[in-house]
Amino acid sequence: MLLNTPSSPHFHGPSTVTKVMLRVAYALIPGMLIYSWLFGWGVIINVLLASVTALATEALMLRLRQRPVKMFLTDGSALVTALLLGLALPPLAPWWMVLIGTAFAIIFAKHLYGGLGFNPFNPAMVGYVMLLISFPREMTSWPAPLSLSEVHLTLSQSLAYVFGGNLPAGIKLDALTMATPLDALRTELSLNKTMEEITASPIFGSIAGSGWEWINIAFLAGGLWLMYKNIISWHVPAAMLGSLALISLAFYFIEPATYASPLFHLFSGGAILGAFFIATDPVSGATTPRGRIYFGIGVGVLTYAIRSWGGYPDAVAFSVLLMNMAAPTIDHYTRPQVFGHGGK
Amino acid sequence: MIRQLFNFKGGVHPPQHKHSSTAQPIRPATLAKQLVLPLHQHIGESAVPIVEVGDHVLKGQKIARAEGYVSASVHASSSGTVVAIEERPIPHPSGLNAQCIVIDTDAEDRWIEHGAPVTPYTEMPASQLRNLIRTSGIVGLGGAGFPSYIKLNPAGCQIDTLILNGVECEPYISCDDMLMRERPEQIIAGAKIMRHALQAKQVLIAIEDNKPEAYAALVDVCAGEDFEVVQVPTLYPQGSEKQLIKVLTDKEVPSNGLPVQIGIVVHNVGTAAAIHNAIDLGKPLTSRIVTITGDGVAEPCNLEVPFGTPMQHLLDQCGGLRNDVDRIIMGGPMMGFAMHSTAIPVVKTTNCILAATKDNVTPPSDVMPCIRCGACADVCPVELLPQQLQWFARAKEFDRAQEYNLFDCIECGCCSYVCPSNIPLVHFYRYAKTEIWSQEREKEKADQARQRHEFRQSRIEREAAEKAARLAKKKAAAQAGGGDKQAAIQAAMARAKAKKHAQGSGPKNTDNLTESQQQQVNKADEMRAKAQQIAESRRAQAQAAMTDKPGNTAKSDSDNQAAKDEKE
């Protein structure tokens, strides 16, 4: 009798790519729900639209590349890209923008580089940046938090606006949109207002912008759960948020009139989402433990620099993409010391 | 006193599955009709047979002697007749055959005369003790099978700690656990002998905390001894020597180095018991405890098995194999290897036979691309970068793989175990290692060939140069010294004449000649003088010819012949 002789190990743990990706997706749900609670149906529409586009594009690309469609379509990676991009886009963005951004992310940032595991840049951020550069007006037109707005669009009204650009009679676009806290900060600072005057505005809420602080807290909870589940390591989030906090604290300490507080930086815009869900993307980030710390510091410092002195209000996408480029070099120089090689 | 423990980085917690085989006590295996004893059951040189086909052997009789330093003897594991010394399948991942001594047992299982040595071990010099252990065929019973006597040689180092390894971190295996539960006094007795040979300052016995019964049993027999039984938290691959040393002492054995260099020696608990049997009872190593387990057998258990017993014979004793057996693994599921046949014999390194069904092992599933998550690096007990090593192996960048310390990999399988993409990482490292080895062999061969070629080339050149020099010298000599030769000839002739003349001065038979006789003599003299004249003129002609044509062709030919001989 000749028996089966595969090589060891004969055991495999429970982890699979699908499980990893789905956990990331689950961890995004609390933030997503609070986001849509505070900003309306536009958030959900974005996410669903992006998901459908991502899965369709993924299937198409897999077919074209003659790869097993079912195996890769169910790995969840396209879904995570779609969720991240959908959450990064302004709610109530026109449908074609979501579609173009997502398709671009999947086709150009992912599959043209070789698909899952081979993309040097975070696909969601590539899609986001492409849209930001191509459609700056649409990309910076953010709806007001429902708490500060008199206009609340219903689901059908939201759909009508997203797909047809039609607002209900009597509602003007101006009534619907409002600058984000980061945007407002940038504009007001350029008008030489002091931080105290600026943050007195209701959109700034209690710590980092009305509504935004709650969204970020929800994302923080999801991120901590991922850490607890060992899907992400502490290195990137800690390094990114730590460096962002330290550098903003330093400037805040020197000149509080013109620089926002560390808390504002941590809990506004995409800082938390970026730290736990975007900069931790294993494929495009650094992979050694020490390398991840440098990677996180890089993202944190660049985020602060671009927010404070750059041309765009938020900067997580640019920082992540810039650090993606540095990841292979970081990995090369941060190899851990091997057991028995000059340790104890 | 609670000992401070340390951590090695990484490690995994695979499901243990140990309980199924620990429900029953250790039983002796029934005797098989035929035993197949491979000559190579250990690390090192194969043993050399010292019996012949047809010989009757007794249990414990040495049938093959250790050859070389790293080697171990083989003993008959039961009494019977040697029926063959030939190639048979042996437990090896290659599935290849190797030389074995085959014994048809006579069911008497009769021991050769043996007994405790007259001198107690405490009065024996360490070298004699080691020699006894060597001739008893004892090798590391933890799985690697390194000849134990070598590891009992302090080699000039001061041994601080002797560690007895009862960790047994691989899932399913329970032979050490059962040994510690049932025969702790043998382990302690062996440990004393080892300590004596090594002159170790302290002895630690490490047991994972998933074996509380074994721990209790050893603590019990250690009462009053200065041995320390240490319970370590369960973590795979803690049973690996270097990782265990780190946990117990916080010391790292240097890469490529041996524990003895940092004053530590680690032996398996089973080896300690075997040494006790050899030294205190005079019994060489002829059997071991083997765990037969997995859902593929009806009654998992631990058996005391004579070496050479076919695995099928043991599986039959455990209720036989179920039909849905997927693979038979020798060793554990993390590092053991699957065997192609159940006819393969149990050897000194067979700690477990795992008859695994599809539920016991992870069936092969789709391999996804690496998502660079780094889970592999998090669990690597050697702190390598498994992911990068895998890229280098795939790309055949073997130089870079070595730069990333490929050869420090212990193939424990943790990286493959946690990989979400299900990449057979260890497979890649084995592939890379084998490729590097074969490249090195090729390179060595090429180097030798090149050296030989270069040497031949230089020798031919040297010979040609020497020949040219010799010829030039001769030519010069012939040109310059033509006259010298003639002078030498003249001188020789003069000497001969003088000699003749001197002879003539003595009384001769020509002194008292008659007239007619004198005339005859004169005539002859004249004729001789004439002949001499002719000869001389001829010689002068020949000499003139010789100076015209310099060099000595005959000599040159013989030189050529000599050169040819040398070449061949």
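This is a predicted model: local features need pLDDT of at least 70, side-chain atom pairs count only at pLDDT 80 or more; totals for chains, interfaces and linings use all residues.
View 1. Let's start with the overall layout: the domain assignment of chain A places domain 1 at residues 16-177 and domain 2 at residues 180-334. Taken over C-alpha atoms, the centres of these two domains of chain A are 21 Å apart. Where they touch, 29 residues of domain 1 of chain A are in contact with 29 residues of domain 2 of chain A.

**View 2. The side of domain 1 of chain A that touches domain 2 of chain A.** Look here for α1 (17-39), α4 (77-88) and α6 (123-134) of chain A, the elements that each give two or more residues to this side. With eleven residues, α1(A) gives the most. Sorted by class, this side of domain 1 has 22 nonpolar, six polar and one charged residues.

**View 3. Where chain A meets chain B.** The contact draws 36 residues from chain A and 56 residues from chain B. On the side of chain A, α1(A) gives the most, with three residues. The residues on that side of chain A comprise 16 nonpolar, 16 polar and four charged.

**View 4. L314(B) in the largest nonpolar core.** This core has 241 residues, and those touching the most other members are M125(A), I163(B), V290(B), L314(B) and I353(B). Zooming in on L314(B), and leaving aside its neighbours within four places in sequence, you will find it in contact with A29(B), V290(B), I292(B), L303(B), V305(B), T309(B), V346(B) and I353(B). As background, nonpolar side chains tend to be buried together in soluble globular proteins.

Key. Residues are numbered from 1 along each chain as its sequence is written. Chains are lettered from A and ligands numbered from 1 in the order in which they are written. Domain bounds come from an automatic or database domain assignment. Two residues are in contact if their C-beta atoms, placed from the backbone, lie within 7 Å. Helices (H or I, at least four residues) and strands (E, at least two) are DSSP runs, numbered from the N terminus. Ala, Val, Leu, Ile, Met, Phe, Trp, Tyr, Cys and Pro count as nonpolar, Asp, Glu, Lys and Arg as charged, and the others, Gly among them, as polar. A nonpolar core is a set of buried Ala, Val, Leu, Ile, Met, Phe, Trp, Tyr and Cys residues joined through C-beta atoms within 7 Å. A residue is buried if 20 or more other C-beta atoms lie within 10 Å of its own, exposed if 12 or fewer, and partly exposed in between; C-beta atoms are placed from the backbone.
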